[in-house]
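Keep the model open as you read.

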Amino acid sequence: MKKIVFLITIFFTFAATVFSQSTLSLEQIYAGENFRQKQFGPVRWMKDAGGYSSVLPNQEGEGEDIVRYDAASNSRTTLVSAAELVPEGLTEPLHVADYHWSADNSKLLVFTNTRKVWRYHTRGDYWVLDQESRQLRKLGKGLPGSSLMFAKFSPDASRVAYVSEHNIYVESLRSGEITQLTTDGGEDIINGTFDWVYEEELGCRDGFRWSPDGESIAYWHSDTRDIGTFYLINNIDSIYSRPIPLPYPKVGEKLSAVKVGLVSANGGESKWFDIPGDPQNNYLARMDFIPGSDELLIQQLNRRQNTNTVWIADSRDLSLSPILKEKDDAFLDIHDNLIWLEDEQFFTWTSERDGWRHLYKVSRSGDSITLLTKGDFDVERISHIDPAGGYVYYIASPDNFTQRYLYRSRLDQSGSAERITPMDQPGQHSYQISPDARFAIHSFQNAGTPPVISLVDLPAHNTLRVLESNQSLKDKYNQLGLSPKEFFKVDIGEVVLDAFMIRPANFDPVKKYPLICYVYGEPAGATVQDSWMNGDLWHQYLSQLGYVVISIDNRGTKTPRGRDWRKSIYGQIGILAAKDQYHATKQILSTYDFIDSSRVGIWGWSGGGQMTLNCMFRYPELYKTGIAVAFVSDQRLYDATYQERYMGLLGENESGYFDGSPINHAGNLEGNLLIMHGTADDNVHYQSYEMLVDKLIAHDKLFSMMSYPMRAHGINERENTSLHLRRTMEKFWLENLAPGGR
């Protein structure tokens, strides 16, 4: 028998004199804000690096103040009061959804009255406050309300550029004159922002850049006319159905034709870079000006997403020079930590070329590439690069893949990686570091601790002051007397996997309890993380009902375990992961006598919904009950960018697409299955749900189903949705996977 070795168990201690134990309810979790965590910010380090600004509720009335804290002394100065954010003719101040300072901190840009575009609130109204004149003015006069996107100051803060209804505008802050730079934007042509798949899968939203001299703007232009249109149907908001068209490139279908253009900030004709390759079979994944120059750096990703060509593009003559080509036998990820060094003669670059994700320094000519963060570990993300101090600060976790800590390495490649985060704070850490690397806004959390936000000095990491402790939330959480989340490892022979377990309330090791496996299993995320995760209250609730809850991170999940771990699933999404989940679950059953092998369930959302179906259909002898939410049933139905990245092109891996799609194994269903989906899911379409229903009927398989009309991928829009969904899930578990010890 292979052994399972516990790495970490997070224990909670409860003082009976302070806390009285209570029972968790679904209403507490989903029908209010009982367990809402407090934030601090958004924080912006000021130009002088000695202080930072933040947003605080005004103590005398409505609205928020924007204040500056001195990092060393903690003295507070109100930079902008709520009263100054009351527009002329109105009585209430603007709500500050976000804000940005000009480069010299002389002007403030306030984002308010926001609206969702796909998943994010990136559309709304922008106002500018001049720090000297104290004048507050709204941008975009004459344009539709709440239509402005990605407003940003010119380098000299004399103008603001923004996008409205797929066209780019520049507005003078002196005269108020608005110049429309593009005119062809509309339903099919997108300027300065992106279509659905670029936002969802490449993280592209803000689609234009000011030149360093403020004379021109570079921007993405997307022609979506050849993308197939998927129609969402609204059947509930009128007596006639209303189709909602969504340009969405599915696997093997045409992509947007995307190009990069330049236009004068004063208006005129756009000029275009003639980047080699079919624009409908390549991605222009990143673009930005090189500081202090007329040149841009453009990253072009091929359709298979295994080659990234880096171009230097000259805005004066539109010439192109390839300087770097990153390749991988499987797939590449795009990273947003490119920083220019040494008078813009070098830039930082993230690569897995030595088997680990590391930061390199590349010459502007591309002739040299030097490893900066050496070691057998992954750089999870870059926190800050301090050229003056000679260090790069980054998040890594060489010894525990469920946790994250701050390290630094010297830019001159001397010495070894130095851990900055103290050893006595196990969990996950993130940092917003000041420009001079003297201070950082530090956030610490783990599975039993909601985020604690503090100001620390670097590199000593002394806590100068706590900015938000979330102590009331922690007290409320502790009062519930919940079972600790236990982290452990599972050896399945080929590989050792990370997992967590939550035991039932009033656990009796002599009894046998049913098991619910929570799964995601795809390369976009990981479930076994020593982080707060909002207290994981849903799974804690299930444990109170009498279930053992476990989760396992199979090979290919997004954890810092090296290139081979992440790329192992290439071409076999849904195949290798389901195999890992099965063998790990079998190993857990053979190790823990208190788990009843006849009562094993599994559930997951999105990629986890697909994994649930694959596990139930492939291993029906093990998984007796399952709930699949917002799932992909046939991988050909999902977007091209995600699916082709991890599976390759359809014509080159048709058998992999077939075998990895649960719909093709639906005839093997033996257990109890509940499938759930929102009909307005723009990410994983309701089509995937209906096609599986049709296939299960053809195989004469009985199952349960629940549709949520006009709910998207998160199934949380409209009144009472989240509570209803969880009640439905609870009812299914109780009726089909008997809870409690026997």
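14 residues of domain 1 are in contact (heavy atoms within 4.5 Å) with 16 residues of domain 2. The domain assignment, automatic or from a database, places domain 1 at 187-327 and domain 2 at 484-671. Their C-alpha centres are 35 Å apart.

This is a predicted model: local features need pLDDT of at least 70, side-chain atom pairs count only at pLDDT 80 or more, and totals for chains, interfaces and linings use all residues. Residues are numbered from 1 along each chain as its sequence is written, and side-chain values use heavy atoms, with hydrogens and water left out.

Together the two domains bury about 1300 Å², with 48% of it on carbon and sulfur atoms. Buried area is the accessible area (1.4 Å probe) that two parts lose on being put together, summed over both. E201, V251 and R304 supply 51% of what domain 1 buries against domain 2, more than any other three residues.

R304 also has a charged partner: its side chain meets that of E652 in a salt bridge (4.0 Å, N to O). The count between the domains is two salt bridges, each a side-chain nitrogen of Lys or Arg within 4 Å of a carboxyl oxygen of Asp or Glu.

Which helix gives the most to the side of domain 1 that touches domain 2? Helix α2 (residues 196-202) does, with four residues; helices here are DSSP runs of H or I, at least four residues, numbered from the N terminus. By class, that side has eight nonpolar, two polar and four charged residues. Asp, Glu, Lys and Arg count as charged; Ala, Val, Leu, Ile, Met, Phe, Trp, Tyr, Cys and Pro as nonpolar; the others, Gly among them, as polar.

Technical notes:
Helix = DSSP H or I, 4+ residues; strand = E, 2+ residues; numbered from the N terminus.
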